[in-house]
Amino acid sequence: MAVDLAVGALVLVGALLHAGWNAMVKAGDDRLIALAAVFLSSGLAGLAALPFVPVPAAAAWPWLGLSIVIHIFYVAGLVGAYTHGELGRVYPIARGCGPLLVALVAGRLVDEHLSPVQ
């Protein structure tokens with residue numbers, strides 16, 4: 001039970017952090033600089049965690065690289081979307097597109113198919 005509460009709390013903190021940095025980017029005068037600050041701080045946190053996690057398997061490296069490339073396009077699109085749209089519209093669309101795209105391409109890319117209920 002305590003573990004469930006801790007996991008739930010961490011999920012909520014993660015959601016608040018994510019929504020917070022999106023609001024910061026939207027409110028900033030220079031959205032690219034705001035995003036750079038967010039990614040620099042998260043990168044530093046990631047570097048601090050490196051001694052405590054194992055190195056990814058060799059088979060994961062191409063997927064990590066592809067993830068980086070996709071994320072660069074996502075961030076560029078996010079900056080553009082926040083330039084022209086409101087946070088209340090852009091944020092839910094941007095957050096919802098990732099899982100939708102994964103569901104759409106997973107079958108072809110890694111032969112992972114969702115059931116109709118899923």
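## Starting from Ile-70

Ile-70 sits in helix α3; helices here are DSSP runs of H or I with at least four residues, strands are runs of E with at least two, and both are numbered from the N terminus. This is a predicted model, where local features need pLDDT of at least 70, side-chain atom pairs count only at pLDDT 80 or more, and totals for chains, interfaces and linings use all residues. Residues are numbered from 1 along each chain as its sequence is written, and side-chain values use heavy atoms, with hydrogens and water left out.

Is Ile-70 buried or exposed? Ile-70 is exposed, at a relative accessible area of 52% (exposed is over 50%, buried is under 20%, partly exposed is in between, with a 1.4 Å probe and protein chains only). From Ile-70 to Arg-95 you count 25 residues in sequence, and their C-alpha atoms lie 14 Å apart in space.

## The whole chain

The protein chain has four helices and zero strands, so to speak an α-α-α-α run from the N terminus on. Its C-alpha trace spans about 40 × 35 × 35 Å along the principal axes. Of the 118 residues, 15% are buried.

Take the contacts (heavy atoms within 4.5 Å) with a separation of 6 or more: 58% of them come from residues 24 or more positions apart.

## How α1 and α2 pack

Helix α1 (residues 2-27) packs on helix α2 (residues 31-49) at an angle of about 155°, with the axes 8 Å apart. Axes are lines fitted to C-alpha atoms, for helices over the stretch in contact, and angles run from 0 to 180 degrees between N-to-C directions.

Which residues meet? On the α1 side they are Trp-21, Met-24, Val-25 and Lys-26, and on the α2 side Arg-31, Ala-34, Leu-35 and Val-38.

## The largest nonpolar core

Eleven residues make up the largest nonpolar core: Trp-21, Val-25, Ala-34, Leu-35, Val-38, Val-75, Leu-78, Val-79, Tyr-82, Val-90 and Ala-94. Such a core is a set of buried Ala, Val, Leu, Ile, Met, Phe, Trp, Tyr and Cys residues joined through side-chain atoms within 4.5 Å. Two or more residues come from each of α1, α2, α3 (61-84) and α4 (87-110), and α3 gives the most, with four.

Ala-94, one of the core residues, is in contact with Tyr-74 and Leu-78, leaving aside its neighbours within four places in sequence.
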